[in-house]
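Q: Hi! Could you walk me through this one? I'd like to start with the strands.

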Amino acid sequence: MEKEKADKLIVKFSSKVYGFAVKKSFSYDEAEELSGEMLKELYLSMLHAEDIVNPEGYVWRICQHVYAKYVNQKKLQKGVSLDGMSLTYFDQHDFGETEEEIKKLRKEIGFLSASRREIVYSFYYEGKSIAQIAKEQGLPEGTVKWHLNKARNDLKEGFNMERKIGSLGLSPVKALDFSHWGRPGSNGGPEYYLKDKINLNIVYSVYDSPKTLAEIAEDLGMTPVFLEDKIEILLANGFLVETKGKRYTTYVRFSPEQISLEAEDNVFKMQEKAAKLLVENYVPKIRAAIADVKELYIPGGNRQLFEAVCIFYAITTKCTLPCDKDLSKCRIKTLDGGDFFATVHIKSKIMDPNYKELPGKEKYSGVCGAMTRGSEKYPCLYSWSVDSKLDSRTGKWQNNLNSDYEAVYEVITKAIKDDKTNAEKFKRLRERDFITKDGKINIMVVKGAAADLFDKIPKPDEKLLSEFAKYALEQAMVLVKQYPPQLQDFVIVDFMDQFIGNRVALMVLYELYENGTFRPLTKQEKVTANLLMFADTLPEA
């Protein structure tokens, strides 16, 4: 390089080189000595070099080399430990000083890892020395220097690239409803954790493929520093699972982005066929098996109410189709005691909007079941129920409380009276219509244990179940293609389980009501339809 050009570059970089030396020195004398060595080495190197394409990068490589030699000399002369590392910290990039550039730089700092971000903040914003940061963080000084160097590289890369907000940042996913299969915790089911839109979109961002914290942040158009606490909570409660490379995935199932109305109708038609076969071949066996159950209280005395709930129970629990897959990894176990499979229902695009759907399907939707309730206070108490359009109960599982049945039992045993002391209990029972205006119990009660009744109910013929299983598996293998790999086993098992489930059970009951086998339900009977309470004492007739 020509001497004149080298002289200009030395003048241009001399103040920055001195600033670098000040940061690395313990006194101004030492800084002057170090910067002098750097400028000397730099000048000589420039004179012998060809034309330099990237002067800034060239300068800092020389300075790093000089500083490394300087550190090694100090170690030899004074025996000073530098953590076994000759790493140094040096400014490699000028980020600018305009308001827009500073704002962008602060945003990029938010994309650093938590530990690195804290070191950068302490060094730049709080003006702490490397030694002080090392002491506070419990890290070797060389490690702190390494983090600062890595941070500068990461910031330079982020500063120079155009960050794009992911699809969820522009159009976040919205939940239409939540459902679970299993036991909710004391705080509730998945809706307690995922009703927060950010939590929901964090989980959805890793649904199709695992992502790092930074990738999730970019997808949502937010900085990682804002998401870290939320991710920790979701991780601790099972809604996120950490995989290799600090990536996250989820076993929460989301409804498909696209659905086919024709495909749904094909499943519906086969379920209708299954329901008719069950009415003909299985319902008579259920009714015969429970014919000898006499210790039973039925408001109004219609025994068909009792038979209907046993039929629903039998179809949803005794008609399970075989599917040998381990789903333990898919269970979400929350810190408040929840243990369930979770589904989020989102808006789906219809693939065949011109298809004319089968009429009348809506009456088989909106089932909340099966729900079981017990009592530590009264161990003999138990209830089994399913809420659907056949009953008049509201509020789904959230409104179905253990304390409701405890209060009913206390009324049955005359442990409480309808007075001011128990006003709240009686108010609640009347709101649910579990007692009438004149104080009579308005739900079905069976004397004895639930198992004694349910064990009486036989399973359907294996030939019938095999016929159902064959079609269900064929449909499941088509359906599973709409889901990510980690959820495919769950989807297959759930489809097999639900194929002869709540919808088919409702089809069977509607068929029995419509063909005259059972008479239509009255307003009073709808309170206790598909609800049984078990106790050691029956209400007075």
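A: Happy to. Five strands form an open sheet in the order β6-β12-β13-β11-β10, and the pairing is mixed. Keep in mind that this is a predicted model.

Q: Which are the edge strands there?

A: Those are β6 (296-297) and β10 (368-374), each of which pairs on one side only.

Q: And how do β11 and β13 run, and how many bridges join them?

A: They run antiparallel, with four bridges between β11 (residues 382-387) and β13 (residues 531-535). To pick out a bridge, Ser385 has Leu531 of β13 as its partner.

Q: Which strands does α15 lie across?

A: β6, β11, β12 (444-447) and β13. The helix runs at about 80° to β11.

Q: OK, on to the core. How many residues are in the largest nonpolar one?

A: It has 100 residues, and those with the most contacts inside it are Leu194, Leu278, Phe306, Phe468, Ile500 and Val508. Helix α15 (residues 303-317) gives the most to this core, with 10 residues.

Q: What does Leu278 touch?

A: Leaving out residues up to four places away in sequence, Leu278 touches Val283, Ile315, Cys319, Leu464, Phe468, Ile500, Val504 and Val508.

Q: Now the whole chain: how many helices and strands?

A: There are 22 helices and 13 strands. Of the 541 residues, 46% are buried.

Q: What about the accessible surface?

A: For the chain it comes to about 28,600 Å², and carbon and sulfur atoms account for 52% of that.

Definitions and conventions
Residues are numbered from 1 along each chain as its sequence is written. This is a predicted model: local features need pLDDT of at least 70, side-chain atom pairs count only at pLDDT 80 or more; totals for chains, interfaces and linings use all residues. Side-chain values use heavy atoms; hydrogens and water are left out. A nonpolar core is a set of buried Ala, Val, Leu, Ile, Met, Phe, Trp, Tyr and Cys residues joined through side-chain atoms within 4.5 Å. Buried means under 20% relative accessible area, exposed over 50%, partly exposed in between (1.4 Å probe, protein chains only). Helices (H or I, at least four residues) and strands (E, at least two) are DSSP runs, numbered from the N terminus. Contact means heavy atoms within 4.5 Å. Two strands pair if DSSP finds at least two bridges between them. Axes are lines fitted to C-alpha atoms, for helices over the stretch in contact, and angles run from 0 to 180 degrees between N-to-C directions. Accessible areas come from the Shrake-Rupley method with a 1.4 Å probe; for residues, only the protein chains shown count as cover.
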